[in-house]
Each structure stands twice: as structure tokens, then as C-alpha cells.
Amino acid sequence: MAHPVRRRCDCGTVGAAARAREEVRRFVDDARTCGHVVPAVVQETALLVVSELVTNAVRHTPGPCTLALAWAGGGIDVDVTDTSPEVPRLRAQDVAGAGDGFGWRLVNRLAEGVEVRPTPEGGKTVHVHLAAA
């Protein structure tokens, strides 16, 4: 029988996305050790989605962010909490310049159950689910 798996980390501003990706790798290792089946494609998707969410939180909010990962509903629940109440929005894609405008669109395409929830402290949590099947 597979056991519950959870990980949480505070992501500062310097190296936040790299730290978050390392937490995803540890989480997947823990999940596999506990008997959960995590296909490589799901791990790669989680790495990409978490990178985008944490990068956006650091880039577009005034404070640090928190990453929480949990095994739920046959997949990975991802929560990224930051200090801004502003809901992410689709922006025009900048294909010729810096490549901005792709992250939120990508997250919505790759993840299920994308939700933005306000926090009691006045920020927000972006929640997504990545099915393992």
C-alpha cells in the first residue's frame, strides 16, 4: 500500500526556481519509495510547471514564495503561495523578444484543476493537479 507523501519549502528570490525543482525531484523520489507510480513524463511536467509558477511568483510579486507538494488523487498537487493578491493572467506572447507570455498559458495547458485561492494574509495560492495516469 502506498503512503502519503508531502514536501514543503520556502523559496527565496535568488535561485528559487532551481530550489523548487530540487524539491520536486526529492518529492518524486519519496513518492516512488512509498510505492506510488510516477512516470518520467509526469516528473518532467511537474518540474516545468513548478519552475513556471515559482519563477512567476518571484518575478511578479514583492516577496518570497512557498512551494507545497502532496500526493493526492492519483497524482501530484502543487501549491505555490506568494504575497500578491493579483491573479495571474494570460498575456500576449513575445515570440520575437524575451519569450514572455508563455508560462501561465503552459501551466493551464499541462495541469488540471488550476485554481487561484486568496490567502488570509492577503496573497494568493496557485493550486494545480498533475495526474500520474
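How many helices and strands does the protein have? The protein has 3 helices and 5 strands, where helices (H or I, at least four residues) and strands (E, at least two) are DSSP runs numbered from the N terminus. Starting at the N terminus, the order of elements is β-α-α-β-β-α-β-β.

This is a predicted model, in which local features need pLDDT of at least 70 and side-chain atom pairs count only at pLDDT 80 or more, while totals for chains, interfaces and linings use all residues. Residues are numbered from 1 along each chain as its sequence is written, and side-chain values use heavy atoms, with hydrogens and water left out.

**Overall values**

Of the 133 residues in the protein, 41% are buried; buried means under 20% relative accessible area, exposed over 50%, and partly exposed in between, with a 1.4 Å probe and protein chains only. The accessible surface is about 7300 Å², and carbon and sulfur atoms hold 54% of that area; areas come from the Shrake-Rupley method with a 1.4 Å probe, and for residues only the protein chains shown count as cover. Among contacts (heavy atoms within 4.5 Å) with a separation of 6 or more, 57% are between residues 24 or more positions apart.

Helix α2 covers residues 40-60 and has 21 residues. From first to last C-alpha α2 reaches 30 Å, close to the 30 Å expected at 1.5 Å a residue; the expected span is 1.5 Å times one less than the number of residues. Its buried residues, including Val42, Gln43, Leu47 and Leu53, pack against β1 (6-11), α1 (16-33), β2 (65-72), β3 (75-82), α3 (103-110) and β5.

The largest nonpolar core has 32 residues; such a core is a set of buried Ala, Val, Leu, Ile, Met, Phe, Trp, Tyr and Cys residues joined through side-chain atoms within 4.5 Å. The residues with the most contacts inside this core are Leu53, Leu67, Ile76 and Val78. Two or more residues each come from β1, α1, α2, β2, β3, α3 and β5, and α2 gives the most, with 8 residues. Leaving out residues up to four places away in sequence, Leu53 touches Val78, Val80, Trp104, Val107, Val126 and Val128.

Gln43, in helix α2, is buried at a relative accessible area of 14%. Beyond four places in sequence, Gln43 touches Val24, Arg25, Val28, Arg32 and Val38. The C-alpha atoms of Gln43 and Arg25 lie 7.6 Å apart, for a sequence separation of 18 residues.

Lys124 is in strand β5 (residues 124-131) and is buried, with a relative accessible area of 6%. Apart from neighbours within four places in sequence, the contacts of Lys124 include Thr61, Val80, Asp82, Val116 and Thr119.

The table gives polar contacts of both side chains. A polar contact is a pair of N or O atoms within 3.5 Å; within protein, one must be able to donate a hydrogen and the other to accept it, and residues adjacent in sequence count only if both atoms are side-chain atoms.

| Side chain | Partner | Distance |
|---|---|---|
| Gln43 | Arg32 side chain | 3.3 Å |

**Strands β4 and β5**

Strand β4 (residues 112-118) and β5 pair in the antiparallel sense over 5 bridges; two strands pair if DSSP finds at least two bridges between them. Val116 has Val126 of β5 as its bridge partner. The hairpin of β4 and β5 has 5 residues between the strands, and Gly122 there takes a positive phi near 100°.
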